[in-house]
Amino acid sequence: MRAPRTLTTLDEVDIGDHVCQVMDSTDDVIDRSRAFLADGALHGDKVVIVGSALRTVSEFAQLVLDPARLDGSLLAAVRREAASAGREGFRSLRVLRHVRPGCREERTGELLRSELELEEFAADTGALVVCAYSGAAGDQTTLQQIGCVHPHHLGSRPASPAFQVYRAGQNGWKVDGTVDSDGAALFRTILCTLLGQTVTVRLLCHALEFFDAAGMSALADAARHLPDRKVILEGTNETVRLAWELSGFAVPDIPVVMAP
């Protein structure tokens, strides 16, 4: 099972990692991209760079996927690249995604959806994905939220709500930490996004410490968000299960199953 970790350099990344890197004003996008390309060549990986900023730089032109020019979704594009990497004899696919988040609420929702898709892609295919975020001070809230759905972080991790949601292979999604009032709205958004993609969402909660009342309300609201969907929480501790029942959420019209 994949485990979250913090990396100090690009040299520590491995296949199957989905890494969040928050770049500061002194980081050079071209230099970072060159280092990523060199590391990919060293390990025998096919390299793809996502973002429009490097499309006109000749040394990267053949490697760039410009989201604004794709025929279909980014997920479909990287899946095609992963399939071709295998046919072409590469060890794996290595994706560097340059992102400038912006502050619009709908932009944050779009980023969360795409990051959850890339997280599942990396875990299920063994591809390596590094998402390099750069932005102004006003983007910090978005960066904090995005950090929750990356199991791996390069450099310092931005302060974020006290939980993580990440893919645990084919078994489902692992939830670590505490879902409280600070992160409840984000947790609901993440769950609604996952439920929009599949009928049943399995959350592995062995490392979940606690839901407070706001977190439980967010879980219940998300489960009722779409018809004919279900959320299964596995590995919940006795305290979480008892609190769920005492709060009145263990009822048939809330399609949530909590199991030890």
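Serine 160 is partly exposed, with a relative accessible area of 24%, where partly exposed means a value between buried, under 20%, and exposed, over 50%, for a 1.4 Å probe and protein chains only. The structure is a predicted model, in which local features need pLDDT of at least 70, side-chain atom pairs count only at pLDDT 80 or more, and totals for chains, interfaces and linings use all residues. Residues are numbered from 1 along each chain as its sequence is written, and side-chain values use heavy atoms, with hydrogens and water left out.

**Two loop residues**

- Serine 160 sits in the loop between strand S7 (152–154) and strand S8 (163–167); helices (H or I, at least four residues) and strands (E, at least two) are DSSP runs, numbered from the N terminus.
- Leaving out residues up to four places away in sequence, Serine 160 touches Gln144 and Cys148, a contact being heavy atoms within 4.5 Å.
- From C-alpha to C-alpha, serine 160 and isoleucine 146 are 8.6 Å apart in space, and they are 14 residues apart in sequence.
- Aspartate 228 belongs to the loop between H6 and strand S12 (230–234), and it is exposed, with a relative accessible area of 70%.
- The phi of aspartate 228 is near 60°, which is a positive value in a residue other than glycine.

- Phenylalanine 36 lies in helix H1 (residues 29–43) and is buried, with a relative accessible area of 1%.
- Apart from its neighbours within four places in sequence, phenylalanine 36 is in contact with Leu10, Val47, Arg94, Val95, Leu96, Leu128 and Val130.
- Threonine 108, which is found in helix H3, is buried with a relative accessible area of 9%, and, leaving aside neighbours within four places in sequence, it is in contact with Thr142 and Gln145.

**Nonpolar cores**

- A nonpolar core is a set of buried Ala, Val, Leu, Ile, Met, Phe, Trp, Tyr and Cys residues joined through side-chain atoms within 4.5 Å.
- The largest nonpolar core has 56 residues, of which Phe187, Leu203 and Leu219 touch the most other members.
- Helix H5 (residues 184–195) gives the most to this core, contributing seven residues.
- Not counting residues up to four places away in sequence, leucine 219 touches Phe187, Leu191, Phe211, Val231, Leu233, Trp244, Val256 and Met258.
- There is also a second, separate core of 17 residues, and it includes Val57, Val64, Leu96 and Val130.

- Within helix H7 (residues 238–246), Val240, Ala243 and Trp244 are buried.
- An α-helix has 3.6 residues a turn, so residues three or four places apart point the same way.
- The buried residues of H7 pack against strand S11 (208–211), helix H6 (213–223) and strand S13 (256–259), whereas Glu238, Glu245 and Leu246, on the other side of H7, are exposed.
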